[in-house]
Amino acid sequence: MVPAPLLAPAVKRRLLAAVLASVTLPWLIGAWIKAGLQEGLHDDAVRAAQLVDYIVTGGVIFLLAMVVTVSVGCLVVAVMQGPRRQGDPFPDDRNDGS
């Protein structure tokens, strides 16, 4: 008998999408911001680009920590619910035995 997975496939897909978005979106935003930092237009473009990299890295770490927190919460809920059990059917009012 194969044990049922802890997390539903829909939850796994959403967590995977959240991880991918948490990694890619900050880097895309950081690259877009750094595209406007040119030597002639900014006083110290290299330092500003490095600051953007630090902010993006911090944002990615924060967002991944939030995804891990949500996934731990999902695991806790799945463990607390336990395995699905089929109970007795509710007695029908029409079958009263008469």
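Helices (H or I, at least four residues) and strands (E, at least two) are DSSP runs, numbered from the N terminus. The model is predicted: local features need pLDDT of at least 70, side-chain atom pairs count only at pLDDT 80 or more, and totals for chains, interfaces and linings use all residues. Residues are numbered from 1 along each chain as its sequence is written, and side-chain values use heavy atoms, with hydrogens and water left out.

**View 1**
The chain has 98 residues, and 14% of them are buried (under 20% relative accessible area; exposed is over 50% and partly exposed in between, with a 1.4 Å probe and protein chains only).

**View 2. Helix 1 covers residues 9-35.**
The expected span of a helix is 1.5 Å times one less than its number of residues. For the 27 residues of helix 1 that should be 39 Å, and the end C-alpha atoms are 39 Å apart, which agrees. Buried residues in helix 1 are L15, S22, P26 and G30. They pack against helix 2 (45-81). An α-helix has 3.6 residues a turn, so residues three or four places apart point the same way.

**View 3. Helix 2 has 37 residues.**
Buried here are A45, A48, A49, V52, V56, V60, V67, S71 and A78. The cover over these buried residues includes helix 1. G82 follows helix 2, and its phi is positive, near 75°.

**View 4. Helix 1 packs with helix 2.**
Two packed helices are described by the angle between their axes and the distance between the axes. Here the angle is about 170° and the axes are 9 Å apart. Axes are lines fitted to C-alpha atoms, for helices over the stretch in contact, and angles run from 0 to 180 degrees between N-to-C directions. Helix 1 and helix 2 are therefore roughly antiparallel (angles over 145 degrees; under 35 is roughly parallel, 65 to 115 roughly perpendicular and the rest oblique).

**View 5. The contact draws on residues from both helices.**
Helix 1 brings V11, L15, A18, V19, S22, V23, P26, W27, G30, I33 and K34. Helix 2 meets them with A49, V52, D53, V56, T57, V60, L63, L64, V67, V70, S71 and C74. By class, the contact has 17 nonpolar, four polar and two charged residues. Ala, Val, Leu, Ile, Met, Phe, Trp, Tyr, Cys and Pro count as nonpolar, Asp, Glu, Lys and Arg as charged, and the others, Gly among them, as polar.

**View 6. D53 and K34 form a salt bridge.**
A salt bridge is a side-chain nitrogen of Lys or Arg within 4 Å of a carboxyl oxygen of Asp or Glu. The count by this rule is one. The N to O distance between the side chains of D53 and K34 is 2.7 Å. D53 lies in helix 2 and K34 in helix 1, so the pair ties together parts that are 19 residues apart in sequence. D53 is partly exposed, at 26% relative accessibility. K34 is also partly exposed, at 30%. Leaving out residues up to four places away in sequence, D53 touches W27 and K34. D53 and G30 are 23 residues apart in sequence, with 6.9 Å between their C-alpha atoms.

**View 7. L63 of helix 2 touches S22 and P26.**
Those contacts do not count residues up to four places away in sequence. L63 is partly exposed, with a relative accessible area of 32%. L63 and P26 are 37 residues apart in sequence and 9.4 Å apart in space, C-alpha to C-alpha.

**View 8. I33 sits in helix 1.**
At 39% relative accessibility, I33 counts as partly exposed. I33 and A48 are 15 residues apart along the chain. Their C-alpha atoms are separated by 9.9 Å.

Conventions
Contact means heavy atoms within 4.5 Å.
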